[in-house]
Every structure is written in C-alpha cells, then in structure tokens.
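Me: I am new to reading protein models. Could you walk me through one, feature by feature?

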Amino acid sequence: MELVYTPAQQAFRAEARAWLEANVPPAPLGSFDTAEGAAEHRAWEKRLHAGGWAMVPWPVEYGGRGADLLEWLIFEEEYYRAGAPKRINQNGIFLLGPTIMEFGTPEQKARFLPRIASSEDVWAQGWSEPNAGSDMAAIQASARRDGDHYVLRGQKTWASRGAFADWLFGMFRTDPASERHKGLSFLLVPLDTPGVTVRPIAQLDGETGFAEVFFDDARVPVANRLAGEGEGWKVAMATAGFERGLMLRSPARFQSTARRLVELCRANPATASEALREEVVRCWMDAEAYTLETYRTVSRLLAGGKIGFEASLNKIFWSELDVRMHETALRLLGHRADLLPEAPAAAGVGDWLDGYLFSLSGPIYAGTNEIQRNLIAERILGLPRSG
Ligand SMILES: Cc1cc2nc3c(=O)[nH]c(=O)nc-3n(C[C@H](O)[C@H](O)[C@H](O)COP(=O)(O)OP(=O)(O)OC[C@H]3O[C@@H](n4cnc5c(N)ncnc54)[C@H](O)[C@@H]3O)c2cc1C
C-alpha cells in the first residue's frame with residue numbers, strides 16, 4: 001500500500017470537490033423514510049448521475065465513471081466533507097450492483113446496471129423473514145417454476161427503503177424438498193408485480209420507510225434469476241461481503257462524525273471532562289484506523305484479492321465505533337442531548353440524538369454482531385461451533 005496520493009488522484013479529488021461544492025443542496029433533504037424525502041433524494045441521485053458522479057467505480061458503459069476503488073474512497077471523503085445527502089439507493093448501488101457485476105449475464109448487466117446507477121430503479125433487499133433473521137438459511141418464501149416464470153409465495157420483512165422502492169432482490173426456495181442453504185435462488189422482483197403487496201412498517205419515530213413484503217402467486221420471469229437455480233446462497237454471501245466489508249459504510253462517514261465530535265468537544269469545555277476528551281481522541285483514532293484498514297483492503301482488492309470473512313471484523317468495528325461516537329456526543333451535550341432536531345432551541349444539536357438512535361441499529365442490520373462474532377470464531381480463528 002502506497003500512503004501517498006498520486007498527482008492524478010489529487011486532480012480527481014479537486015474535480016470531485018469542485019463539483020460537490022457547486023451542486024450539493026444548501027439545505028438538508030427530507031428523510032428518505034418519507035414520501036416527500038424519498039422524492040427529493042431521487043432527484044439528488046439524478047443530479048449526481050447527470051454530473052457523472054453516481055457510481056464512480058463502475059464501468060462507463062453501465063453509468064459509472066470507470067474509476068478505481070482508491071478513487072472511490074477519495075470521492076467518499078469529499079462527499080462526506082461536502083455534507084452531501086445520504087444515498088437512497090444504497091442497496092442498488094453498493095450491494096446489488098457489485099453482485100450483478102460478478103454473477104450477472106451480459107444481458108442482465110446491460111438491463112439493470114445503468115438503471116441502478118441513475119437510480120431510476122431504487123432497490124430493496126429482501127432477505128429477512130419473520131423466522132429467518134440471524135438464521136438466514138431458514139428462509140421459507142418459495143419460488144415454484146412454471147415454464148418461463150417462477151411463482152412466488154411467502155413473506156419478507158424489514159426491507160429498508162421497501163415502502164418507496166421499485167424492485168426487490170431476495171432469496172427464495174426454488175427446490176421445495178431442500179433444507180437450509182441448499183435449493184435457494186436469488187431473484188430480482190419488480191414490486192409492482194400483481195400478487196406483491198408492500199406494507200410499510202411504522203418506526204418508533206412514525207416514519208415508514210421500512211416494509212414487509214407479501215407474495216401471493218406473484219409471477220416473475222426466469223430471466224430475473226441471478227446465477228443458476230439453487231445457487232442463491234453463494235450469490236447472497238458475495239452480496240453480504242460487499243455489504244459488511246467495503247461498500248455499505250465507507251470510512252469517510254466515520255471520519256466525518258469524528259470531526260464533528262472533536263468540534264463538539266471544543267465547543268463544550270464545561271462538560272468535556274478529561275475522561276470524555278480521552279474518549280473523543282480514541283474515537284477519532286479509531287475512525288482513522290478504520291480508514292487505513294479500508295485503504296489496505298482496497299489495495300489488496302486492486303491486486304486481485306477478494307473480500308473474505310474479515311468483512312465481519314469490519315462490520316463489528318464500524319458499527320460499535322458509530323455507537324461510541326454518538327454516546328460520547330450525548331454525554332458532551334449533557335441535558336441538551338434530549339432535544340429533537342425540530343425543537344426550537346435545538347440549533348443542530350438534535351442531529352446527534354437522531355444519529356444516536358440510528359447508530360443503535362448498526363449492530364443489528366447487515367447481520368447482527370453476535371452472528372459476526374460467531375463467524376470470526378469459526379471461520380477465522382478455527383474455534384469449534386457452539387452447541
Ligand atoms: C435498521 C435495519 C435495517 C434492516 N434492513 C434490512 C433490509 O433491508 N433487508 C433485510 O432483509 N433485512 C433487514 N434488516 C433485518 C436484519 O438483517 C435482521 O434484523 C437481523 O439479521 C437479525 O435478525 P432478527 O431481527 O430476526 O433477530 P434474531 O435472529 O431473532 O436475533 C435476536 C437476537 O439473538 C441473537 N442471536 C440469534 N442467533 C444467535 C446465535 N446463533 N448466536 C448468538 N446470538 C444469536 C441475535 O444476534 C440477536 O441479538 C434490517 C434491520 C435493521 C435494524
């Protein structure tokens with residue numbers, strides 16, 4: 001790994017910074033867990049795409065910029081530095097896109113990738129079911145082959161963006177006699193298919209971006225299957241690697257939070273005890289450590305390597321760091337920590353409470369940290385499986 005930016009990388013950074021400075025909306029967009037906010041975010045994605053910045057590491061023919069992963073990291077740093085909006089189509093651009101690149105046919109790549117890059121199609125991830133969360137191999141939603149179609153039955157739950165998405169990617173049991181991770185297939189399902197019902201799930205804050213999705217004899221063409229019939233588990237594990245290991249949470253996100261935390265500490269000398277100041281420093285250093293580790297992973301990938309079970313280490317690290325940074329911020333804020341962003345006297349303080357509430361879900365989504373620790377114990381350390 002070379003820890004110096006080349007002139008070409010510096011020029012790329014300057015170009016990204018200039019475009020973002022000229023184009024990032026001056027006021028924050030609405031939450032994409034609301035219909036209005038989702039529409040604003042779609043408009044932002046289209047602007048990014050028109051500027052050529054929607055998905056920098058994808059090939060140009062699929063709507064990308066043909067940049068490499070190091071340039072992607074640089075772009076992410078500039079993106080967060082500019083305070084640009086969160087990506088509504090993160091399931092499509094960061095999870096499904098790389099999966100289609102690896103497993104899709106040329107027709108599937110041409111059909112799906114450009115529409116993902118431009119966010120014409122916003123995607124939901126349909127893996128979890130009421131009885132298949134941590135135990136994902138317990139999936140029961142089925143897909144029965146009928147000529148050129150699959151007929152889907154069953155239910156998915158906790159689909160982020162599900163309420164406002166256009167498509168869902170998910171695993172379905174195509175072999176009715178199969179058990180566990182065998183006999184599953186990875187299917188791409190338009191959410192407006194007759195027989196598909198999307199029911200929003202209200203969160204504690206009343207917003208309804210989450211959804212459960214029901215399939216009652218919904219017909220989906222066989223051409224919408226990624227990889228072979230029965231190969232769904234293999235494909236999904238690759239998607240999980242992209243999710244936990246690299247794409248879902250770039251280091252820039254945590255560096256940006258760490259910078260804000262340092263500013264908050266400086267602005268609140270009265271509550272910044274020595275112990276809290278030490279915790280701020282530790283958070284900042286951990287964000288830097290995660291950044292360096294990601295640069296190392298990217299260097300390895302550029303040399304032809306693959307993401308393996310170390311993705312689980314990353315996922316635990318960034319999710320726990322996010323909780324710690326937000327907890328530290330709330331302690332620095334003292335009694336003002338309870339203010340919601342919309343409270344008259346909040347003056348931006350409430351963003352920390354919002355961020356804290358969301359950070360609590362980090363150890364749960366993308367596979368809980370308990371399950372990641374099991375994977376590390378078994379697959380990296382070679383310890384025996386627990387009973
Ligand atoms: C914000 C958010 C967004 C999400 N988005 C999506 C999405 O877009 N698409 C999607 O499909 N799903 C999504 N999920 C669902 C998420 O993947 C599941 O919640 C998660 O996999 C855990 O499954 P579960 O909720 O069924 O909990 P359970 O599996 O019932 O687990 C409950 C608890 O028991 C622990 N546990 C279970 N088994 C073991 C074991 N063998 N060893 C040790 N501990 C164990 C778990 O770690 C957890 O703490 C999302 C969840 C959240 C919170």
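Me: Which residues does Phe75 touch, not counting residues up to four places away in sequence?

Reply: Before that, a word on what you see. This is a predicted model, where local features need pLDDT of at least 70 and side-chain atom pairs count only at pLDDT 80 or more, while totals for chains, interfaces and linings use all residues. Residues are numbered from 1 along each chain as its sequence is written, and side-chain values use heavy atoms, with hydrogens and water left out. Now to contact, which means heavy atoms within 4.5 Å. Leaving out residues up to four places away in sequence, Phe75 touches Phe12, Ala16, Leu20, Leu48, Trp53 and Val56.

Me: What is a nonpolar core, and how many residues does the largest one have?

Reply: In soluble globular proteins, nonpolar side chains tend to be buried together. A nonpolar core is a set of buried Ala, Val, Leu, Ile, Met, Phe, Trp, Tyr and Cys residues joined through side-chain atoms within 4.5 Å. Buried means under 20% relative accessible area, exposed means over 50%, and partly exposed is in between (1.4 Å probe, protein chains only). Here the largest nonpolar core has 54 residues, and Phe75, Leu96 and Phe186 have the most contacts inside it. There is also a second, separate core of 25 residues, which includes Leu264, Ala287, Trp318 and Ala366.

Me: Is Glu78 buried or exposed?

Reply: Look at the relative accessibility. Glu78 counts as buried because its value is 2%. You can find Glu78 in helix H3, residues 69-81. Helices (H or I, at least four residues) and strands (E, at least two) are DSSP runs, numbered from the N terminus. Leaving aside neighbours within four places in sequence, Glu78 is in contact with Arg13, Ala16, Arg17 and Leu20.

Me: Why does His49 count as partly exposed?

Reply: His49 has 29% relative accessibility, so it counts as partly exposed. His49 sits in helix H2, residues 35-50. Not counting residues up to four places away in sequence, His49 touches Ala54, Gly63, Ala117 and Ser118.

Me: How do I read separation along the chain against separation in space?

Reply: Take two pairs and look at their C-alpha atoms. Ala289 and Pro251 are 38 residues apart in sequence and 9.2 Å apart in space. Arg219 and Leu261 are 42 residues apart in sequence and 50 Å apart in space. Ala289 belongs to helix H8, residues 274-302, and Arg219 to strand E7.

Me: Which side chain makes a polar contact with the side chain of Arg219?

Reply: A polar contact is a pair of N or O atoms within 3.5 Å; within protein, one must be able to donate a hydrogen and the other to accept it, and residues adjacent in sequence count only if both atoms are side-chain atoms. The side chain of Arg219 makes such a contact with the side chain of Asp146, at 2.9 Å. Arg219 counts as partly exposed because its relative accessibility is 40%.

Me: Which residues come nearest to the ligand?

Reply: A residue is near a molecule or strand if one of its heavy atoms lies within 4 Å of it. Of the 16 residues around the ligand, Ser128, Ser134, Trp158, Ser160 and Thr368 come nearest. The shell has 7 nonpolar, 8 polar and 1 charged residues. For these classes, Ala, Val, Leu, Ile, Met, Phe, Trp, Tyr, Cys and Pro count as nonpolar, Asp, Glu, Lys and Arg as charged, and the others, Gly among them, as polar. H11 gives the most to the shell, with 3 residues.

Me: Which atoms of the ligand are 2.7 Å from an N or O atom in the side chain of Ser160?

Reply: A nitrogen atom of the ligand is at that distance, 2.7 Å, from an N or O atom in the side chain of Ser160. An oxygen atom of the ligand lies 2.7 Å from a backbone N or O atom of Ser128. An oxygen atom of the ligand is also 2.9 Å from an N or O atom in the side chain of Glu370.
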